[in-house]
Amino acid sequence: MKERPWWQDAVIYHIYPRSFRDSTGDGVGDLPGIVEKLDHLAWLGVNALWMGPVFRSPQVDNGYDISDYRDIDPLFGSLADLDHLVAEAHRLGIRVLLDLVLNHSSTEHPWFRASRDNPRGEYSDFYHWADPAPNGGFPNNWRSFFSIPAWTWSAERGQYYINLFAVEQADLNWTNPRVRHEMAAIANYWLDRDVDGFRMDVINLISKAPGYPSIPPGGNPRGYYIDGPEALGWIREFRSRLRGTDDVLLVGETIGTTPPTSRRWTAAESRALHMVISFEHVNIDYGPGGRWDYRPFRSADLAGIVATQQQALAGSSWPCLYSGNHDQPRAVSRFGNDGAFRRESAVAVAALFLLLRGTPIIYQGEEIAMANYPFTAPDQFEDVKSINAIGELTAEGAEAGDAFARVKAQARDNARTPMQWDATETAGFTSDGVAPWFPVNPDYPEWNVERQRELAEQGEPSVLGVYRQLIALRRDHTVFRTGACEVLDLGEDSPAIAFRRYAADARGGGAMLVVINFSSVISPLPSPAKLGLGSLDKQPVFATHPKTDSGTLQPWEVSVFRMAAGY
Ligand code: ISL
């Protein structure tokens with residue numbers, strides 16, 4: 001019988017390096033700071049970490065604009081620090097994933113400068129260049145994800161280049177075999193330094209429709225620059241060039257993709273990606289106007305999206321589970337209730353995303369219910385995406401207060417505040433007297449790792465303690481790792497979300513039922529017929545509330561039951 005790949009039994013912890021822990025006192029997190037805190041990861045029970053990009057970069061997009069793929073930015077440390085981090089993590093049984101940004105480089109990268117300065121030189125075709133349209137305007141109507149045109153004029157070269165993100169992030173031209181060769185060489189360079197895999201930034205944007213056609217009015221960029229025609233083939237080629245392929249994890253971030261495409265790109269026979277970070281559930285509150293057009297959603301909407309994702313990847317594909325990251329508002333603020341039920345709802349969100357089928361990725365701070373930052377004015381935003389969005393909304397005629405409110409709710413800045421370690425000045429992020437690069441959320445005296453660990457150790461309720469318990473539950477009950485998953489249809493109006501995990505084959509070991517009240521109100525327990533209640537073991541294997549027979553669920557209540565054999 002083929003052994004399961006390591007990542008199917010893993011829980012990944014996602015670190016945003018500049019906001020994790022500053023060991024040098026310059027106000028920015030760094031690699032030695034991560035090493036200092038590895039014991040926190042080990043205590044939680046995670047067995048892999050993914051770090052946002054730490055390569056040399058002008059930091060226009062906090063490291064997602066790379067100017068040297070083979071060196072560490074001095075802001076974060078040195079190559080020796082990275083080697084030390086990898087060795088220390090491995091000593092603790094934690095694998096290390098780096099964040100490779102291969103769709104685009106910084107415009108400060110020597111390739112871009114050479115390409116821009118010499119249209120006939122050897123780097124000429126490393127980027128996407130095009131002449132102005134006949135009317136002198138942009139070559140087509142594509143838009144960047146950062147609220148600006150996807151083309152920037154270069155006076156030096158006398159052409160436009162594609163930037164699907166900031167102006168300083170130029171898209172690399174993967175149709176050029178030399179670019180593809182370089183991409184794999186970069187990955188192999190880091191594999192030689194003993195890393196265990198990669199998160200591949202927006203990897204489904206690498207293929208652009210030949211001839212750069214405009215998107216028809218009201219059309220979707222899919223097929224134009226999202227999930228483009230050659231992307232899958234190039235990813236497959238990339239993987240085939242890696243050393244030690246079988247043990248190297250490739251997680252692709254695939255923005256704007258569809259569940260069937262996620263299935264195809266992660267199917268074992270595609271030999272492309274092992275998992276994808278898809279966006280269906282984090283786009284749940286986007287209105288017709290997109291991210292800055294907030295729409296409230298119901299628990300049933302979330303259950304429906306999760307059901308579709310799970311179904312699409314059933315069998316030979318493998319889901320990636322996450323509730324937030326450095327590009328999203330905080331999960332407890334978006335999916336939970338960060339007011340009256342902050343602890344309870346953070347636990348409910350954790351139970352959903354840790355117990356479904358797939359590999360969970362916990363974003364730093366979720367384990368202590370870190371919440372959105374109380375921004376009061378637009379000049380507090382640091383992120384280029386937020387700043388551009390304010391510009392775009394105001395240009396479209398939005399009133400200043402409205403533009404601010406819309407961006408505040410969804411700003412990526414919310415999730416980028418420093419990690420809250422303890423109740424001392426700067427929450428233990430940096431040295432006393434040092435100003436962190438971004439303000440600490442003022443709620444840190446109560447919501448910090450030290451406090452919650454104390455509570456957990458005293459047997460008191462704590463989000464951190466529950467994260468540890470749920471991770472242990474996955475470890476101790478095979479069915480959570482290997483079993484199939486069925487999200488139950490509880491009807492449009494049910495505030496509850498429930499799913500069954502059951503043995504997909506003879507090795508699976510029993511079945512479990514997870515029931516979560518995904519709301520702040522007391523709700524009826526879904527009917528026994530819908531849950532299959534008759535066959536439950538008496539004692540739940542995990543419960544946030546003492547078992548009652550009242551037929552109701554308390555706000556954000558979570559119960560996990562073992563189902564009788566033979567289910
Ligand atoms: O634009 C977004 C979605 O509408 C962003 O949240 C984000 O840019 C997108 O998820 C792609 O993310 C990744 O690539 C970006 C970088 O800014 C993000 O931080 C990164 O995670 C460009 O490299």
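**Figure 1. Helices α13 and α14 pack at an angle of about 65°, with their axes 7 Å apart.** This is a predicted model, in which local features need pLDDT of at least 70 and side-chain atom pairs count only at pLDDT 80 or more, while totals for chains, interfaces and linings use all residues. Residues are numbered from 1 along each chain as its sequence is written, and side-chain values use heavy atoms, with hydrogens and water left out. Two packed helices are described by the angle between their axes and the distance between the axes. Axes are lines fitted to C-alpha atoms, for helices over the stretch in contact, and angles run from 0 to 180 degrees between N-to-C directions. Helices (H or I, at least four residues) and strands (E, at least two) are DSSP runs, numbered from the N terminus. The angle makes α13 and α14 roughly perpendicular to each other. Angles under 35 degrees count as roughly parallel, over 145 as roughly antiparallel, 65 to 115 as roughly perpendicular and the rest as oblique. On the α13 side, V449, Q452, R453 and A456 make the contact. Contact means heavy atoms within 4.5 Å. By class, four of these residues are nonpolar, two polar and one charged. Here Ala, Val, Leu, Ile, Met, Phe, Trp, Tyr, Cys and Pro count as nonpolar, Asp, Glu, Lys and Arg as charged, and the others, Gly among them, as polar.

**Figure 2. Helix α14 also meets helix α10.** The axes of α10 (residues 342-355) and α14 (residues 463-476) come within 10 Å and cross at roughly 20°. That angle makes α10 roughly parallel to α14. The crossing is right-handed. A crossing is left-handed if the near helix is turned anticlockwise from the far one by less than a right angle, and right-handed if clockwise. From α10 come R343, A346, V347, A350, A351, L354 and L355. From α14 come V463, V466, Y467, L470, I471, L473 and R474. The contact has 12 nonpolar residues, no polar ones and two charged ones.

**Figure 3. The largest nonpolar core has 134 residues.** A nonpolar core is a set of buried Ala, Val, Leu, Ile, Met, Phe, Trp, Tyr and Cys residues joined through side-chain atoms within 4.5 Å. Buried means under 20% relative accessible area, exposed over 50%, and partly exposed in between (1.4 Å probe, protein chains only). Which residues have the most contacts inside this core? They are M51, F198 and F238. Helix α10 gives the most to the core, with 10 residues. A second, separate core of 35 residues includes W6, I12, L97 and A166.

**Figure 4. Helices α11 and α12 pack at an angle of about 145°, and S386 takes part.** Their axes are 9 Å apart, and the crossing is right-handed. S386, A389, I390 and L393 of α11 touch A403, F404, R406 and V407 of α12. Six of these residues are nonpolar, one is polar and one is charged. S386 lies in α11 (residues 384-395). Is S386 buried or exposed? S386 is buried, with a relative accessible area of 1%. Beyond its neighbours within four places in sequence, S386 is in contact with F381, V407, A411, R412 and D413.

**Figure 5. Y212 and T426 each have a positive phi.** Most residues other than glycine have a negative phi. Phi of Y212 is about 50°. Y212 sits in the loop between β11 (197-200) and α6 (231-240). Phi of T426 is near 55°. T426 sits in the loop between α12 (400-410) and α13 (449-457). At 9% relative accessibility, T426 is buried.

**Figure 6. W7 is found in the segment before β1 (12-15).** W7 is buried, at 4% relative accessibility. Residues up to four places away in sequence aside, W7 touches D246, D247, V248, L249, H274, M275, W318 and T359.

**Figure 7. S494 lies in the loop between β18 (484-487) and β19 (496-502).** Its relative accessible area is 15%, and S494 is buried. S494 and R298 are 196 residues apart along the chain, yet their C-alpha atoms are separated by 8.8 Å. Not counting residues up to four places away in sequence, S494 touches S299 and A300.
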